[in-house]
Amino acid sequence: MENEMNITDAQYMRYDEDSNVSIIATIDGQVLGVPINPENTHYAEIMRQVEAGDLTIADAD
Amino acid sequence: MAVVINGTTGIDKVQDGSIGTADIAADAITPTEIDNSVLLGRRNILRNGGMRMSQRNGSGSVTHSTSAYHIDRIKANVAGSTASRYSIQRLSTNRAPGHAHYYRRECTTAEATPSGTQSSFDDHRIETQDLSSLQWGFSAVSKSATLSFWIKGNVTGTYVVWFYTPVGTEFKMMTKTYTIDAADTWEYKTITIPPRDDTIMPNNVQSGLYVRFVWNTGTGNTSGTQNTTWGADSNVNRYVGQTANLASATGNYIEMTGTQLEAGTVATEFEHRTMDQYNFDCMRYYYDVAVEGGRCAFAPGYFSSTTSIRWSVFTVVPMRTTPTYSESAVPRAADAGSLRNITSTTVLGFDRNMCNLIGVTSNSSGSNHSANVTMSGDVSFGLDAEL
């Protein structure tokens, strides 16, 4: 399946005491805050590209 | 004895009260006849069919190089590494009969001979739960669906509308065609598709049906066999029948409006909705908040640590799911006399119409301190729950 989005610079974000709560990624040239929710289209596409080996998500700082 | 009233100049008058309920047999008036003559409410399954909503660009023109929503609820796609490019714009001049707005797609970079799966197309993607009126999967009661729309373009020929159902153990597709017969002329088209009954359409917030208007495509999508009934998804079968190439030259265009998908085999008159209904329909998927006219404190927040600030915004309607956050400029936290940029903002949680956000700042005056979240200048942020 062809990638629907051009995704780069994906990184998990951790805030406060929380574990990974989101992914910050550049999608089609725009920096977006993507929630970890399978119903979210951006998150679903990120995970599909990860599973396809096309994308790696960096750990949170 | 059957009686046929066949006056050559019509019927002068039926006497008042002369036709009672008992005089009309149970099957004398069929639903088809009613559909053809009575305006029924909420028939259009598509949202923004009248092309009135354009939250992201207003009436401005945007040339897209990636797949994205520009006019609300219409995803303009590029696929197969196509070189073709188009400008997208919502307009209101030279409009179709009975419509206030229309959508225009104009070729800005030509691709005279698309190869492989190089293609450009527009998607209307519909939630499974919004397809309940079709009752697909219940063959005793399931209904066909009829698509109708107004279209105008300078490239005559045959175009494809591709229907795709990403549900069940096997995703299925169907291909239908229509023709633009006369150049630069508004034409009304209708297409009817049968129900898909081999699986019960789920009832959730995921995509249940794509209605895809194809504008240019390579032979990688046209060299197979046309699926005129629901069949397995296959690249070579997808757009079989498409002979028109809207990307054959720059300046080529199509304009569309009055797009309607409804239960049944009859295309009824377009269901006009009020502007507040258009807003509600579209803001379920995208909510643009513009801060215009200078500085504005639009939400109270608090520092949950010295470097994290949380705040909430309320959306007009419940969104489809937890949205993605985007911004045209960073918001700032007004705290203890300082303005601190908020970066790496994301949506922490979403419930009904309350969206909780979190971001990172430079050190604040202290954990649990309150702050106002501000934006300055004419900037905006967006919440995106599109399909």
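Visitor: What makes B:Arg125 count as buried or exposed?

Guide: Its relative accessible area is 4%. Buried means under 20% relative accessible area, exposed over 50%, and partly exposed in between, with a 1.4 Å probe and protein chains only. B:Arg125 is therefore buried. Before we go on: this is a predicted model, in which local features need pLDDT of at least 70, side-chain atom pairs count only at pLDDT 80 or more, and totals for chains, interfaces and linings use all residues. Residues are numbered from 1 along each chain as its sequence is written, chains are lettered from A and ligands numbered from 1 in the order in which they are written, and side-chain values use heavy atoms, leaving out hydrogens and water.

Visitor: Which residue forms a salt bridge with B:Arg125, and why is it called that?

Guide: The partner is B:Asp123, with the closest N and O atoms 2.8 Å apart. A salt bridge is a side-chain nitrogen of Lys or Arg within 4 Å of a carboxyl oxygen of Asp or Glu, so this pair qualifies. B:Asp123 is buried, at 0% relative accessible area.

Visitor: What does the salt bridge of B:Arg104 and B:Glu255 tie together?

Guide: Their side chains meet at 2.5 Å, N to O. B:Arg104 lies in strand S5 and B:Glu255 in strand S13 of chain B, so the pair ties together parts that are 151 residues apart in sequence. Strands (E, at least two residues) and helices (H or I, at least four) are DSSP runs, numbered from the N terminus. Both B:Arg104 and B:Glu255 are buried.

Visitor: Where do A:Arg48 and A:Glu45 lie?

Guide: Both are in helix H1 (residues 41–51) of chain A, three residues apart, about one turn of the helix. A:Glu45 has 7% relative accessibility, so the label is buried, while A:Arg48, at 21%, is partly exposed.

Visitor: How do you know how compact chain A is?

Guide: We set its radius of gyration against the globule rule. The radius is taken over C-alpha atoms, and the rule is 2.2 Å times the number of residues to the power 0.38. Chain A has 11 Å, close to the 10 Å that the rule gives for 61 residues, so it is as compact as a globular protein of that length. Its pattern along the sequence is β-β-β-α, and buried residues make up 46% of the chain.

Visitor: What is the area buried between chain B and chain A?

Guide: About 1,900 Å², with carbon and sulfur atoms giving 42% of it. Buried area is the accessible area (1.4 Å probe) that two parts lose on being put together, summed over both. The contact (heavy atoms within 4.5 Å) takes 32 residues from chain B and 23 from chain A. One salt bridge is found across this interface; the side chains of A:Asp16 and B:Arg310 meet in a salt bridge at 2.7 Å, N to O.

Visitor: What makes a nonpolar core, and which residues touch the most other members of the largest one?

Guide: A nonpolar core is a set of buried Ala, Val, Leu, Ile, Met, Phe, Trp, Tyr and Cys residues joined through side-chain atoms within 4.5 Å. The largest has 41 residues, and B:Leu147, B:Phe163, B:Tyr178 and B:Trp215 touch the most other members. A second, separate core of 25 residues includes B:Trp311 and B:Leu383.
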